[in-house]
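Please look over the sequence and the model before reading on. The report below goes through a few parts of the fold in turn.

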Amino acid sequence: MAYEKVWANNPNLNKTELKKLEKDGLKIFEDIPRYAKEGFASIPQEEWDLFKWAGLYLQKPKEAGYFMMRVCVPSGILNNEQLETLAGIARDYGRGVFDITTRQAVQFHWLQIEQLPDIFDRLKRVGLSTAGACGDITRNIVGNPLAGIDPNEIIDTTGIVREVYEFFQYNEDFSNLPRKYKMSISANVYNAANAEIHCISFTPAKKVIDGKETLGFHVKVGGGLSSAPYLAQTLDVFVKPEQVKDVAIAVTTIFRDYGYREKRHRSRLKFLVADWGIEKFKEKLLELTGPLPSKGEDIQKGWNAGYFYGVHRQKQEGLNYIGFNVPVGRLSADEVFEIARVARQYGNGEVRLCNSQNLIIPNVPDENVDALLHEKVFERITIQPKSFIGYSVSCTGTEYCNLAIVETKERMRRIAEYLDDHLELDVPVRIHMVGCPNSCGQRQIADIGLQGIKMKTKDKGMVEAFEIYVGGTLQNGGKFNEKLKGKVDAEQLSKVLVKLLTYFKETKQQGETFLDY
Ligand code: SF4
């Protein structure tokens, strides 16, 4: 019943859509135990794509049968048992690699089909799941990593995120969406969840209702990156905390029933919002939700880009949260075990993941802060990173990603270290590297975005190269960065960036940021 409008509204479904109607993506969870017994060769090639609904992509080359797995971590909040479980999976099956993504999820690599039942069991035991981490479905819900402890939040969003996440997680009424569907819910006044780049986002707001000031949310729809980036637009509605789930269901229903399913590259919600306009979208929304009050007052004071370095006071007296840099989001399993031990010993065991690919240890009493900071693991995972490694973000790249055109993660780390060795700046410059236009590394919102391409040269033939983009931000409603002329051979990239940043340093005012420049 849920999908009857899919046919009615889209008479020319593309091949992927026809396949999705034949078999729901979430059904792959039922097949995995059998494939695990019979081996990778028993999986028909036409089923490979369905593994996305279980959070699994085949690594490069696909025929080798190694999977990348993404685990959902709503709002990036992990308890100690969950963190240790994830560390164990990385150690036992993932060759020790533990990646934090730009949407607060965790990624493993090198997994094999035979290992999946045990991995799923381990995750289930601690309340984690891969359902919805990939595929045409509601993805991991991005939120305020400081939810519940944040002096800069107007509402504790922990329960709301959990409720919405659990509603959509294994829900076959919403597991066949036209394309991936990204949601953020945050009441942090510094836009900790990057609201403008999501399909739907809930942002902090207030309104006087029946003579009483009421805290709640505004709703943005139609944002997204990739090769046709859009900033989300604000609907003229005000939503109380207890209405968030119903509004999320209504927007997702509109996307499911009216989202485009003819051309994959036009299927994201952003295209429907752009074509309908925000007024028509609101009318359709109200048909499903019933009346909602009009907008109130936005409570946004700026954008922190997901960075929380250093020791900070929590809402709760005597407790602190401590923000650490994880260079390009990559940890070893041993480091994760050690961080879990330290979080247990000095805090309450929790660790929180940021969309800047970094982490936070919360709930550390004043008297424990010094001892925690002297732990050996925090020599590399530091609270005071150098300017470039501390603000560099990278997607997965050719190392594991099938869509990648160039190598990214290790390259971004090397380049950031080179910049830190050659240049000192009085302000951070956020550099994001991506290996293709899909922009998992959110290139468009970086001060400097680096997008991989292939380039033909006279002497070396085809080489890896980069386009350089400058001036992206989500400050003041947001602006995507713009491409500089030309492209740069990957081998020359560090030197070109030193030149560009030296020019910035020599011509800017003291304290002037890349954005203000
Ligand atoms: Fe792969 Fe492209 Fe995403 Fe990078 S941006 S992880 S290369 S799909």
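The sections below cover the model, a sheet, a helix pair, the ligand shell and some single residues.

## The model

This is a predicted model, in which local features need pLDDT of at least 70 and side-chain atom pairs count only at pLDDT 80 or more, while totals for chains, interfaces and linings use all residues. Residues are numbered from 1 along each chain as its sequence is written.

Helices and strands are DSSP runs numbered from the N terminus: helices are H or I with at least four residues, and strands are E with at least two.

## An open sheet

An open sheet is formed by 5 strands in the order β1-β2-β5-β4-β14, with antiparallel pairing. Two strands count as paired if DSSP finds at least two bridges between them. At the edges are β1 (56-58) and β14 (330-332), each of which pairs on one side only. Direction ignored, neighbouring strands of this sheet are turned by 25 degrees against each other on average. Such angles are taken between axes, which are lines fitted to C-alpha atoms (for helices over the stretch in contact), and run from 0 to 180 degrees between N-to-C directions. In general, strands of a sheet pair through backbone hydrogen bonds, either parallel or antiparallel.

Strand β5 (residues 106-111) is largely enclosed by the rest of the structure, because 5 of its 6 residues are buried. A residue is buried if 20 or more other C-beta atoms lie within 10 Å of its own, exposed if 12 or fewer, and partly exposed in between, with C-beta atoms placed from the backbone. Strand β2 (residues 67-71) runs antiparallel to β5 and is joined to it by 4 bridges; Met69 has Phe108 in β5 as its bridge partner. Strand β4 (residues 97-100) is also antiparallel to β5, with 2 bridges, and Ile100 stands opposite Val106 in β5. β4 and β5 form a hairpin with 5 residues between them, and Gln104 in the turn has a positive phi of about 65 degrees.

## Two packed helices

Helix α6 (residues 158-169) packs against helix α7 (residues 244-258) at an angle of about 35 degrees, and their axes are 10 Å apart.

On the α6 side, Ile160, Glu163, Val164 and Phe167 meet Val244, Lys245 and Ala248 in α7. Two residues are in contact if their C-beta atoms, placed from the backbone, lie within 7 Å. By class, this contact of α6 with α7 has 5 nonpolar, no polar and 2 charged residues. Ala, Val, Leu, Ile, Met, Phe, Trp, Tyr, Cys and Pro count as nonpolar, Asp, Glu, Lys and Arg as charged, and the others, Gly among them, as polar.

## Around the ligand

There are 13 residues around the ligand, and Cys395, Cys401, Ala404, Gly435 and Cys440 come nearest. A residue is near a molecule if its C-beta atom, placed from the backbone, lies within 6 Å of it. The shell divides into 7 nonpolar, 6 polar and no charged residues.

## Two loop residues

Asp136 is in the loop between α5 (116-125) and β6 (142-143). Asp136 counts as buried because 24 C-beta neighbours lie inside 10 Å. Gly25 is 111 residues from Asp136 in sequence, but 8.3 Å away in space, C-alpha to C-alpha. Leaving aside neighbours within four places in sequence, Asp136 has contacts that include Lys20, Gly25 and Asn176.

Lys485 is in the loop between β21 (482-483) and β22 (488-489). Lys485 is exposed, as 6 other C-beta atoms lie within 10 Å.

## Backbone exceptions

Most residues other than glycine have a negative phi, and most peptide bonds are trans. The peptide bond from Lys60 to Pro61 is cis, with omega near -15 degrees, and Pro61 is in the loop between β1 and β2.

Trp110, in strand β5, has a positive phi near 70 degrees. Trp110 counts as partly exposed because 18 C-beta neighbours lie inside 10 Å. Gln357 also has a positive phi, of about 70 degrees, and lies in the loop between β15 (351-353) and β16 (359-365). Gln357 counts as buried, with 25 C-beta neighbours inside 10 Å.
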